[in-house]
Amino acid sequence: MAILRGMPAFTGSIGGLSAYKLRGVDRIILREKGGPTRQQLKQGKQFLNTRLRNEEWKGVSKAVSLLGQALHGVRHLYDHSYSGRLSGVCHSIKEEDTRQPLGRRSLLFSAGGYKLEGFGLNTYHPFDTVLKYPLQYSINAAEGTATVEYADIIPAIHLSNPMKQPYCRLVFVLATVPDIVYDAGRKEYRPVQEPGNGRCLVQTPWQVSKAVIPGQQWQLALADWQRLPGLSLLLAAGVEYGQPQHNGPVQFTKYAGAAKVLKMG
C-alpha cells in the first residue's frame, strides 16, 4: 500500500494502479493490481496453504458476524470501522487451537475469549477517555447474569463530551457468544450452539449531560439461560450522547459516544 503525494488526486483505476479513499486517512491510497489468477489460487499446489488459510478466514468472518450480533445495543456507538481489528483478535484466538490441522482450526471463545476484554469500538474517542470512571462488574456464567456498579459519575470529572451534546445515558449489554468450529460434513464453519436471542440490554434514562449520573447497581439476566458447552457470555458497556428531536424523543448522535467489551465469561 502506498499514499499518493505531490500529484493531482484521483480515485479509480489507471494502468496497473487502483486509487481509493479510507475513512480516517486524509490522502489517497494507492494499490498495485495483479497477483495470481483465480484458477491458480483454486488448484495450484503452491497455493495449498493459501486455500487452507482462506478457509479459516471464513470462520473468522463468521465469528465477527456473531460478535456483531452480540454487541447489538452498543455497536452503533463506533466512530471508525472496527471489523478489521475484531478480525485480528478472532484470528489470534484461532491461532491458539493446536489440536486441529491448518484449514480447520476452531475459534474457541470459551478458552480465548479473554482476548476480547477491553476491545473498543472507537478510534477517535476511546471508551476509557469518554468515561473516565472505573466501573465495577462481574459475570456469573452459571446463572447467566452480570452485575455492573458505579458511584456517582460527575461530568466535569468523569465524563468527556467531545461533540458537546446536551443529553447522555449509559448502556450495558450481556449476550451469548458460541465457539466456532469446522463442520467436516458440511465443509463449513458453524457455531457449536445457536446463540438464539440470548441478549439483555439495559439503558439508563436520558439526562442532561451536565448533570451528575447517580450511582447505581444494574443486574443483567438472560432469559431461559442454560450453561451449554462452548457457549460464553459477553458483557459490554457504552456511553451514548444525543439531542432531542422536534416534538419527539432524544435521538443518539452518531460518532459522539463510545463502547467497549468489559468482560467475557
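Is aspartate 128 buried, exposed or partly exposed? At 47% relative accessibility, aspartate 128 counts as partly exposed. A reminder before going on: this is a predicted model.

Aspartate 128 has a salt-bridge partner, lysine 260, with the closest N and O atoms 3.0 Å apart. The aspartate lies in helix H5, residues 127-130, and the lysine in strand S15, residues 258-264, so the pair ties together parts that are 132 residues apart in sequence. Lysine 260 is buried, at a relative accessible area of 14%.

Next, glutamate 240, in strand S13, residues 231-244. Its relative accessible area is 3%, so glutamate 240 counts as buried. Glutamate 240 forms a salt bridge with arginine 169, with 2.6 Å between the closest N and O atoms. Arginine 169 is in strand S7, residues 167-178, so this pair ties together parts 71 residues apart in sequence. Both glutamate 240 and arginine 169 are buried. The side chain of glutamate 240 also makes a polar contact of 2.7 Å with the side chain of histidine 76. Beyond its neighbours within four places in sequence, the contacts of glutamate 240 include Tyr167, Trp206 and Phe252.

Now the rest of the salt bridges. The whole structure has 10. Within it, lysine 94 pairs with glutamate 95 at 3.1 Å between the closest N and O atoms. Lysine 94 is buried at 2% relative accessibility, whereas glutamate 95 is partly exposed at 35%.

Last, the surface. Ile154, Ile157 and Val212 make a nonpolar patch of about 230 Å². Valine 212 sits in the loop between strands S11 and S12, and is partly exposed at 39% relative accessibility.

Key
Residues are numbered from 1 along each chain as its sequence is written. This is a predicted model: local features need pLDDT of at least 70, side-chain atom pairs count only at pLDDT 80 or more; totals for chains, interfaces and linings use all residues. Side-chain values use heavy atoms; hydrogens and water are left out. Helices (H or I, at least four residues) and strands (E, at least two) are DSSP runs, numbered from the N terminus. Buried means under 20% relative accessible area, exposed over 50%, partly exposed in between (1.4 Å probe, protein chains only). A polar contact is a pair of N or O atoms within 3.5 Å; within protein, one must be able to donate a hydrogen and the other to accept it, and residues adjacent in sequence count only if both atoms are side-chain atoms. Contact means heavy atoms within 4.5 Å. Patches are made of residues with over 30% relative accessible area and no salt bridge: like charges are joined within 9 Å, nonpolar side chains (Val, Leu, Ile, Met, Phe, Trp, Tyr) within 5 Å. Accessible areas come from the Shrake-Rupley method with a 1.4 Å probe; for residues, only the protein chains shown count as cover. A salt bridge is a side-chain nitrogen of Lys or Arg within 4 Å of a carboxyl oxygen of Asp or Glu.
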